[in-house]
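Here is a short briefing on selected packing features. Have the sequence and the 3D view open as you read.

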Amino acid sequence: MNAIRYETPRSVAEAVRLMAADSGARVLAGGTDLLVQFRAGVRQPSAFVDVKRIPELMSITIDGEGLRLGAAVPAALVFEHAELRRLWPGLAEAVALIGSTQIQGRGSVGGNLCNASPAADTTCALIANRAQCVIAGPHGERTVPVDTFCVGPGRTVLEPGELLVAVHLPRPAARTADAYLRLIPRSEMDIAVAGAGVSVTLDAAGACTAARVAIGAVAPTALRVPEAEQALVGSPLDEASLQRAAAAAAAAARPIDDKRGTAVYRRTVAGVLTRRAAAIAAQRARPGNGHD
Amino acid sequence: MTKLHIETTINGEPVEFLCDAHETLLSALRNGLGLTGTKEGCATGDCGACSVLLDNRLVPACLVLAPEAHGRAVTTIEGLSRGDALHPLQRKFLEHAALQCGVCTPGFIVAAKALLDANPNPSEEETRYWLAGNLCRCTGYDKIIRAVLDTAAEMKGTPA
Amino acid sequence: MATVYLPSGLARHTGGVDTIEIDAARVPDLFAALRDRFPPIADHLDDVAVAIDGEIYADPGYQPLRADSEVHLLPRIAGG
Amino acid sequence: MSAPRDFTYVGTRPIRHDGVDKVTGRASYGADVTWPGMLHGFVLRSPHAHARIVSIDTSAAEAMPGVQAVITGKDLPETTATIALGEAAIDLRDIGDNVIARTKVLYDGHAVAAVAATTLDIARRAAETIAVVYDVLEPVMSVDRAIAADAPILHPAMRTKGAPAASAAEATNVASRLELKRGDVEAGFADADVVVEREFRTPMVHQGYIEPHACIARCGEDGRAVVWCTTQGPFVVRDACAAIAGLDPAHVKVIPSEIGGGFGGKIVVYLEPLAVALSRKAQRPVKMVMGRDEVFRATGPTSGSKVRVKFGAKRDGTLVAASASLWYEAGAYSGSPAGAGAMCALAAYKVPNFFIEAYDVVVNKPKVAAYRAPGSPIAAFAVESVVDEIARELRIDPIELRLKNANAEGDRAPYGPKYGPIGLTQVLEAARSHPHWRAPLGANQGRGVAVGFWFNAGMNSSATVTVNADGSAAVVTGNPDIGGTRAAQAMMVAEELGIPIERVRSSVGDTDSSGYTDVTGGSRVCYATGMAVIRAAEDAREQLRARAATIWNVSRDAVVWNGGRAIPPEGTENAKPLTVAELAAKMTHTGGPVVGRASLYAPMAGPAFGAHICDLEVDPDTGCSRVVRYTVFQDVGRAVHPSYVEGQMQGGAAQGIGWALNEGYVYSADGVLQNAGFLDYRMPVASDLPMIETVIVEVANPLHPYGVRGVGEVPIVPPLAAVANAMRGATGIRFTELPLSPPRVLEGIEAAAAVPVQV
């Protein structure tokens with residue numbers, strides 16, 4: 001077996017060239033999924049392409065447009081970014097839940113997304129915030145909505161030679177806020193048995209004018225649940241409408257039984273988390289809570 | 001198989017070593033450089049026994065490739081005491097009997113140092129959640145948390 | 001005379017007898033007497049622990065017995 | 001027991017002097033050592049739970065560059081020797097077969113071959129080229145399946161030992177059956193006003209020590225072997241390695257490293273005989289370190305179980321009858337702690353009529369090893385749950401009911417002998433009077449209490465105490481120090497010699513330099529080895545007294561020893577009291593070095609009880625639960641170093657809480673372990689637990705000079721039921737299967753909601 005190579009491209013173009021030239025090459029950001037899979041023999045890369053010296057993948061910028069989050073930025077830096085935490089508390093919550101403090105010193109939002117685990121914490125939060133994925137490849141740059149980025153467990157839309165550069169989140173409108181919750185047996189360190197990311201926008205009177213709901217670990221990929229969104233839009237986000245959204249989320253779930261939870265359990269809890277996350281998002285979006 | 005030549009700084013001293021691309025920083029420290037204070041408990045980033053600081057960021061050395069240390073600064077348990085003076089955390093762990101078998105202790109002390117650097121006056125809950133990635137099977141965590149809180153109290157804001 | 005309490009599991013080999021008085025100075029003599037009295041339990045005596053007046057010996061060996069000793073035959077116990 | 005003594009050091013909290021190496025990373029554990037010319041070993045393990053080995057072709061592996069040795073089961077001799085190892089005289093053929101399979105693989109992860117090569121990568125790749133042809137058989141994955149009439153038989157030659165049930169068929173998976181009886185259980189139940197029966201199930205769980213098994217072995221040209229390894233029992237490793245690898249024990253030396261946790265799981269050998277065999281073949285040292293997945297798949301968890309318990313009580317709470325049937329998984333070979341479970345089940349209570357039967361059942365899972373009070377937590381989970389139901393049904397406070405039936409000195413234990421002084425009543429009274437017992441509970445919170453028992457082992461211990469010319473002393477024993485025992489031993493020597501504790505070195509010898517010593521386990525080190533240390537220090541003191549007599553030319557008996565000094569008899573001219581240092585300085589003139597030694601076989605005679613109170617909060621929408629308050633009460637006889645006694649109480653409670661809430665092996669239908677890692681084998685993390693309060697109760701053990709009882713194992717026994725009883729309080733539901741995971745709890749809550757809730 002010839003030796004595995006370790007590459008450190010300094011630009012997106014150089015990274016794309018390396019990826020396109022070698023179908024066995026794998027992007028290394030935090031490595032918290034890739035190196036576990038490599039150690040277990042699940043992945044045998046021919047080269048590790050360490051993208052952490054490419055500015056575009058390691059930067060966080062917030063402007064009038066919104067958030068531009070580099071794909072390789074470690075979760076800890078995302079969570080420590082006060083402005084990001086203020087505007088996207090739900091995304092910050094999801095990022096802070098990825099594994100331990102040690103893992104958050106390495107693991108990235110882009111890596112979490114590209115690993116495409118059905119239970120990935122940040123994917124639901126990204127869907128709830130209408131994120132767009134910026135992909136660079138041999139044929140130039142393209143953008144896809146995050147809802148379509150993952151196509152199945154461990155599989156994404158990335159073509160050979162392509163890599164995820166960043167995710168863009170539109171700046172939240174006034175009276176818009178998000179929240180993310182997940183169900184884990186312990187208080188830390190577990191993979192989500194179920195997860196829910198919700199974003200709501202209120203009008204001046206407190207009625208919901210727009211909503212996004214995404215549930216995790218209950219289907220081959222994170223699922224956007226339009227029916228749950230419709231249950232919220234137009235409502236005062238009272239207990240009854242939250243309950244209807246929860247029922248819609250539970251109905252949309254297509255969970256499996258595995259060592260972490262039963263299908264019946266995941267379905268029920270997907271509903272409970274949707275209701276609770278929507279309640280938190282609503283509270284944050286109401287006047288005086290920083291999202292006016 | 002040509003090896004990579006890595007130049008880095010470990011515990012404040014310039015260090016060079018050769019390694020394969022796929023070798024972990026944990027393996028390079030333990031097998032290449034003889035710094036066996038950093039332990040392997042799982043090799044999957046779930047136990048914290050291999051905690052080190054990479055440019056002062058707390059990371060699991062088992063999920064870092066050794067080549068990634070090139071040009072960066074690594075801090076391990078061996079680097080915490082200054083000359084003959086133990087780091088306050090090392091002293092407090094002994095005073096509180098915050099270790100029994102001791103195999104998780106290096107990881108806990110490095111992680112607690114990172115905590116106190118970031119938050120000199122953590123609450124019990126903040127301390128427990130920060131250290132949730134460090135598994136201990138002997139102590140039930142009680143005396144470890146007390147040792148870290150006691151260190152914070154003693155140091156009262158001076159950098160750990 | 002030591003009073004020996006036999007494990008209930010051996011009752012079917014001892015015709016239902018569960019306690020017996022035996023005149024023995026040391027454990028080996030006691031075992032010899034038991035083997036004579038109840039031949040089928042002979043091999044059970046190889047891996048039993050013996051409690052003599054509350055003190056349990058996992059390997060009874062040549063432990064002495066007092067005149068009024070109370071002796072129990074027990075399964076061996078593993079430490080954790 | 002002499003009049004209570006006021007101690008200088010015992011009961012204080014000195015800093016363990018071996019601690020500096022541990023907080024600086026210098027302490028050397030199993031995998032921390034490299035020897036010149038060392039090879040790396042890797043084990044090829046069976047992917048099947050139950051299969052015959054048809055053939056093994058290692059030719060490709062042996063031809064691979066860098067590979068220095070390849071072995072399979074054929075390279076290790078069949079041994080018929082047996083060694084005493086806890087539960088029964090374990091047949092070393094089983095242990096040898098478990099170390100590396102010969103004709104059959106009996107669990108997912110069972111070793112079938114091992115390779116030694118110049119690098120670990122080469123060894124791993126070479127192992128992957130070994131072609132093993134298996135004849136896969138149907139696996140037996142539960143006690144129910146194992147005892148079914150049509151169950152596949154793991155060991156065709158196995159016949160049920162002990163007291164086989166009348167219907168015991170010829171070939172069987174039941175390795176042994178045990179009975180304990182007293183009085184007339186049928187009459188007892190007839191006399192009862194209330195009878196409660198439940199069936200309980202617990203999964204296989206692992207000790208979860210953070211340090212994986214590791215060793216390095218070197219076989220010399222002279223056939224002599226040295227093994228450095230992490231173990232609780234260096235002498236056990238020496239004898240087992242010799243027998244399994246086919247060496248004369250006189251040619252094997254074992255050096256115990258620092259040990260990163262064991263809890264009973266590092267009493268058995270797994271890698272050491274393979275490393276010795278590989279080293280003998282390659283004539284170079286071989287290092288072998290398990291991955292975390294190997295530790296879960298192929299070491300010694302404790303039994304999964306099925307336990308049925310029935311209690312009968314009078315209206316006033318008096319327990320009049322009890323029956324219990326215990327089925328414990330032994331794993332691939334016989335040897336589960338079913339017997340100990342049966343003996344511990346009713347240890348706390350005066351029950352005039354009882355019938356207990358216990359089955360040791362082989363299944364296609366790793367061979368179980370000891371795990372902290374082996375067998376007792378499983379039995380206590382069932383018994384303390386049913387006792388709690390009895391208390392609820394009779395509307396009697398659960399501590400009062402336990403106090404009413406508590407065994408005390410002079411009562412006859414269910415396993416036979418009368419109890420000496422025991423502390424169950426004192427522990428329960430401490431729990432009842434503690435503020436925690438009456439503190440208010442919040443919404444969705446419940447409180448549970450439970451008691452636990454363990455025998456605490458005695459066994460063989462040796463110690464030497466050397467007095468140096470400067471008056472300092474060094475104590476050496478053969479017990480690896482898992483929980484601070486070196487500090488306790490130094491305290492005992494300082495106490496007996498009357499010298500400062502800082503001037504006592506306490507170290508762990510290897511099998512050449514310390515007297516024969518049984519394992520660090522069974523909560524025995526402070527008790528039995530402690531006794532040897534005290535007697536060795538007394539021996540050294542007596543020699544110093546004799547030296548003083550020589551100096552003053554008086555008889556030794558005339559010399560009084562007090563406060564670390566020899567006092568001359570009245571009127572002896574020009575004779576002033578002499579300190580240890582002064583006497584030691586003259587050793588050469590008065591007879592040579594002073595070395596105290598002692599060795600003993602201590603009976604198992606320090607039985608101890610604990611009681612735990614647990615407050616649990618449950619989220620009714622998701623079934624998630626959190627321990628919000630936890631208090632441990634335990635009779636320790638005498639706390640030598642209270643900090644490390646508290647540490648045992650807190651650590652045992654945390655392991656029990658994990659066992660109750662989230663831990664458990666998950667196997668697929670075809671017998672493959674699904675959660676062989678810390679991500680999905682969910683042990684408690686720091687943010688799962690509150691501070692664990694400890695209350696030390698001291699009812700002196702007459703058989704130890706200081707009154708010491710074992711403390712290490714009792715604390716893991718009560719938590720399973722304490723948590724389950726708290727769950728009953730919080731949800732109104734009696735859960736009888738562990739772990740109490742969120743899916744299981746929510747399922748129970750929803751099922752109960754569909755039925756009118758019985759209060």
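In chain D, helix α11(D) meets helix α20(D) through D:Pro377, D:Ala380, D:Phe381, D:Glu384, D:Ser385 and D:Asp388. On the α20(D) side, the residues are D:Leu720, D:Ala721, D:Ala724, D:Asn725 and D:Arg728. The model is predicted.

**Helix pair in chain D**
- By class, the contact of α11(D) with α20(D) holds 6 nonpolar, 2 polar and 3 charged residues.
- α11(D) covers residues 376–394, and α20(D) covers residues 719–731.
- The two helices pack at an angle of about 35°.
- Their axes lie 8 Å apart.
- The crossing of α11(D) past α20(D) is right-handed.

**Contact between chains D and B**
- Chain D contributes 42 residues to the contact, and chain B contributes 44.
- On the chain D side, the elements giving two or more residues are α1 (19–24) and α19 (642–661).
- α19(D) gives the most to this side, with 8 residues.
- The chain D side that touches chain B divides into 20 nonpolar, 16 polar and 6 charged residues.

**Helix α1 of chain C**
- α1(C) runs over residues 27–37, and C:Val27, C:Leu30, C:Phe31 and C:Leu34 in this helix are buried.
- These four are on the same side of α1(C) because they cover an arc of only 95° around the axis.

Technical notes. Residues numbered from 1 in each chain as written. Chains lettered and ligands numbered in written order. Predicted model: local features only at pLDDT ≥ 70, side-chain atom pairs only at ≥ 80, totals over all residues. Buried ≥ 20, exposed ≤ 12 C-beta atoms within 10 Å, placed from the backbone. Arc of directions from axis to C-beta. Axes fitted to C-alpha atoms, helices over the stretch in contact; angles between N-to-C directions. Left-handed = near helix turned anticlockwise from the far one by under 90°. Contact = placed C-beta atoms within 7 Å. Nonpolar A, V, L, I, M, F, W, Y, C, P; charged D, E, K, R; others polar.
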